[in-house]
Amino acid sequence: VGGACTKQTEGDAWVGEAKVADYVQNVTVVALDEKKLPVTWHTVVAPGAATTLQLSVDVPSPATGTGSRLILDGNDAGLIRAALVDDNGRLVPDATANVTFSVIVGNGRVLGIGNGNPASHKFQPGNVTDTYGGLARVIVQVSTDCLSKNRQVMDQVNWDEGAKQRTLVDQSGNCHTLLPIVVQADAPGFDSAQVRIDVSAVPELDSPQAIAASTVPMETFSYFEDFDG
């Protein structure tokens with residue numbers, strides 16, 4: 001154990017736990033049997049300094065039971081996580097950075113950002129946010145509609161050019177050749193990070209309804225086991 005940790009009691013009642021010393025780096029919890037012999041143990045290693053800005057896709061992802069591709073219906077959206085990690089890939093919760101997200105390849109757009117900080121006043125429909133707990137979130141939406149019924153009518157209605165959020169209505173039949181969406185994150189002091197989201201024009205396989213109706217083995221859902229935050 002990297003430092004002393006003592007319980008505070010009031011009679012036989014547990015009322016709290018003393019703060020682990022700030023210098024603690026690693027903590028090992030050991031389970032003992034009735035003979036005080038170790039049965040099992042678990043070690044949590046404290047992170048080092050943040051050296052890398054890392055991106056990962058939470059949606060769509062088999063780990064969260066949300067499929068593996070976004071459907072090109074002009075509405076489907078994905079969730080990407082940005083994390084500040086050390087040289088060993090461990091999340092650094094007290095690290096902070098101002099992260100800018102952008103779509104650099106493919107038919108997608110940044111729909112909004114977030115970081116989980118209840119005190120944050122960042123413009124959520126924007127593309128810039130600070131990390132909180134070493135993490136930040138961006139929502140990316142497909143910007144092409146190959147599938148919606150009557151989409152040709154949608155292409156003719158008035159739209160706000162200033163918003164720069166127009167959905168491309170594709171009636172060429174070439175949706176199957178579209179590139180994946182590639183998202184980039186930039187933050188001062190860190191190298192840029194990129195991640196890709198595959199896209200699909202096959203609703204029978206990749207629509208939200210198809211994903212919800214599919215049978216997936218429980219061991220596929222590894223999000224909570226994998227998450228470090």
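This is a predicted model: local features need pLDDT of at least 70, side-chain atom pairs count only at pLDDT 80 or more; totals for chains, interfaces and linings use all residues.
V183 stands opposite V195 in strand β15. V183 and V195 face each other where strand β14, residues 181-186, meets β15. The two strands pair in the antiparallel sense, over five bridges.

Now widen the view. Four strands form an open sheet here, in the order β10-β8-β14-β15. The pairing is antiparallel. The edge strands are β10, residues 128-130, and β15, residues 193-197. Each of these two pairs on one side only. From one strand to the next, the twist averages 30°.

Strands of a sheet pair through backbone hydrogen bonds, and the sense can be parallel or antiparallel.

Another open sheet has four strands in the order β5-β7-β11-β9. Here, too, the pairing is antiparallel. Strands β5 (52-59) and β9 (108-114) stand at the edges. Each has a single partner strand, so one side of each is left without a neighbour in the sheet. The twist in this sheet averages 30° from one strand to the next.

Inside that order, look at β7 and β11. Strand β7 covers residues 77-85, and strand β11 covers residues 135-142. They pair in the antiparallel sense over seven bridges.

Next, turn to the charged side chains. The count of salt bridges comes to five. One of them joins D58 and R81. The closest N and O atoms of this pair are 2.7 Å apart, inside the 4 Å cut-off for a salt bridge.

V27, V29 and V44 make a nonpolar patch of about 240 Å². Of these residues, V44 is found in strand β4, which runs over residues 38-45.

Finally, how far does the predictor's confidence reach? The mean pLDDT of the protein is 82. Residues with a pLDDT of 70 or more make up 75% of the protein. Over residues 1-21, pLDDT stays under 50. For that stretch, the model has 24 contacts beyond four places in sequence.

Technical notes
Residues are numbered from 1 along each chain as its sequence is written. Side-chain values use heavy atoms; hydrogens and water are left out. Patches are made of residues with over 30% relative accessible area and no salt bridge: like charges are joined within 9 Å, nonpolar side chains (Val, Leu, Ile, Met, Phe, Trp, Tyr) within 5 Å. Accessible areas come from the Shrake-Rupley method with a 1.4 Å probe; for residues, only the protein chains shown count as cover. Two strands pair if DSSP finds at least two bridges between them. Axes are lines fitted to C-alpha atoms, for helices over the stretch in contact, and angles run from 0 to 180 degrees between N-to-C directions. pLDDT is the predictor's confidence in each residue, from 0 to 100. Contact means heavy atoms within 4.5 Å.
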